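Try each task with the structure in view, then read the solution step by step.

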Amino acid sequence: MTALQLLAYISAALLFQIAVGAVVLIWRKLAPVAPTPQRNEPDGRPSAKGAWSGWRDFRVVRRNYEDAANSQCSFYLQPVDGGLLPPFQPGQYLTFSLQVDDDAPRGSGERRSLTRCYSLSDQPDPAGYRITVKRALPPFDQPGLPPGASSSHLHDHVREGDVLQVRAPAGRFCIDADASMPAVFIAGGIGITPMMSMLRWCAVEQPERSIHLFYGVRSSADHAFKAVLEDLARTHAAFHLHVVYSSPQANDVLGVDFQHAGHIDQALLRSSLPYGRHQFYVCGPPPMMQSLIPALRDWGVREDDLHFETFGPASLLPAASATDQRSSASPVAIDVHFNRSGRTLVWDGQDANLLDFAERHGVAIESGCRSGSCGSCETRLVSGVVVYDETPDHVLAKGHCLLCVGKPQSALVLEA
């Protein structure tokens, strides 16, 4: 082989390798890339991209009272396993399993388990969560009733360093991420907690979004997050703060501590809000919800612009235009059979839900939030149809029902 032939051979080989490399490069760019599978860490901890299942241990790393009366306490929580936390939707809640010994004989070591839901009260943070819990006192007209067992336990017994069992964030009461849609937050009392989560998220992610907060409390003693809200109003021009005191104290100054006296009602909203479409987010005690939600509907607020969450037993009536998914008046004289107790009882329409019905007749049912959120009363529906006034927040397993917000529409056989 001559030198000229050898040179030609080497040149051809080099050109072939370059061509092959170019084809491979083009194929890699055009070929679809397989998604990275979501996985757990080697020790079983959930990765930051997905929520965990079941209970997870969280340590209380800080406590802080948010009001002058020290009735509303924030608990800052971090996962014991040290893993990152999945993002949640602002407005969602956490579910807790609390071991409470308030009814056990002193020193007996006996405890009872309570399942309760508490709204997240801050923006998403991969390092930790915050909830804010108000001490539930007996009603003014029934001072002989006991205080709230779970809130008393958290306020009086849970300290920094204690570990709580927590389920992943859940709930459908979440802010629409469309920044072009003005939002109106309406909170009564401790109903401020999910609003704080939404508001703090908006301040960071959507600082130009038009936000109005109407916050109703009795006086400055009950005014939670006062300094934080006032600072946000000063630093964010698109945020408009409307604090409403129903019973101002002598030293509460109108125009300084609060902007309106009385209660949040349709008249106040119509006189304060600019003309145009808004999305409403409402959370408060049952009396406020029972008056305000119908008032907003009467005003003409579209159903898809009306988002609400009540604390305590769910008792709001559905809109008049509700679909057949929601319940109509349950017929009376329906047989309800409870498998575990072997009892068959007749539903007569006197009770608000199947949980109240069972308890009135002495059938023991595990329960928690009593508002369709925690799933503690979820029961297998052997046969029959259970309907709901509003779709429960808790996602039901197939063939199951929630007794705390459900009513019978036909004869039932329940596993409970």
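**Exercise 1. A charge over a ring**

*Solution.* The model you are looking at is a predicted one. Now try Arg 56. Its charged end sits over the ring of Trp 52, with 4.8 Å to the centre.

**Exercise 2. Naming the geometry of a ring pair**

Decide whether the rings of Trp 52 and Phe 58 are stacked, tilted or edge-to-face.

*Solution.* A pair of aromatic rings is described by the distance of the centres and the angle of the planes.

- Step 1: the centres must lie within 6.5 Å. By this rule the structure has ten aromatic pairs.
- Step 2: for Trp 52 and Phe 58 the centres are 5.6 Å apart and the planes stand at 40°, so this pair is tilted.
- Step 3: check the surroundings. Trp 52 is buried at 10% relative accessible area, and Phe 58 is buried at 0%.
- Step 4: look for neighbours. Trp 52 and Phe 58 belong to one aromatic cluster together with Phe 88 and Tyr 129.

**Exercise 3. A pair from two parts of the chain**

Work out which type of pair Phe 173 and Tyr 281 form, and where each residue lies.

*Solution.* 

- Step 1: the ring centres are 6.4 Å apart and the planes are at 65°, so the pair is edge-to-face.
- Step 2: Phe 173 is in the loop between strand E6 (163–170) and strand E7 (183–188), while Tyr 281 is in strand E11 (residues 279–284), so the pair ties together parts 108 residues apart in sequence.
- Step 3: Phe 173 counts as buried at 4% relative accessibility, and Tyr 281 counts as buried at 0%.

**Exercise 4. Salt bridges**

Find the salt-bridge partner of Asp 122, then that of Lys 226.

*Solution.* Side chains of opposite charge can pair when their charged atoms come close. The count for this structure is 17 salt bridges.

- Step 1: Asp 122 pairs with Arg 200, and the closest N and O atoms are 3.2 Å apart. Asp 122 lies in the loop between strand E4 (112–119) and strand E5 (129–134) and Arg 200 in helix H3 (residues 192–205), so parts 78 residues apart in sequence are tied together. Asp 122 counts as buried at 16% relative accessibility, whereas Arg 200 counts as partly exposed at 28%.
- Step 2: Lys 226 meets Asp 257 in a salt bridge of 3.2 Å, N to O.
- Step 3: compare a pair within one helix. Arg 234 bridges to Asp 231 at 3.5 Å between the closest N and O atoms; being three residues apart in helix H4, they are separated by about one helical turn. Arg 234 is exposed at 63% relative accessible area, and Asp 231 is partly exposed at 37%.
- Step 4: finish with a network of salt bridges, which links Arg 277, Arg 302, Asp 304 and Asp 305.

Note on methods:
Residues numbered from 1 in each chain as written. Predicted model: local features only at pLDDT ≥ 70, side-chain atom pairs only at ≥ 80, totals over all residues. Heavy atoms only, no water. Phe/Tyr/Trp six-rings, centres within 6.5 Å; stacked < 30°, edge-to-face > 60°. Buried < 20%, exposed > 50% of the residue type's maximum accessible area, 1.4 Å probe, protein only. Helix = DSSP H or I, 4+ residues; strand = E, 2+ residues; numbered from the N terminus. Lys NZ or Arg CZ within 6 Å of the ring centre and 35° of its normal. Salt bridge = Lys/Arg side-chain N within 4 Å of Asp/Glu carboxyl O.
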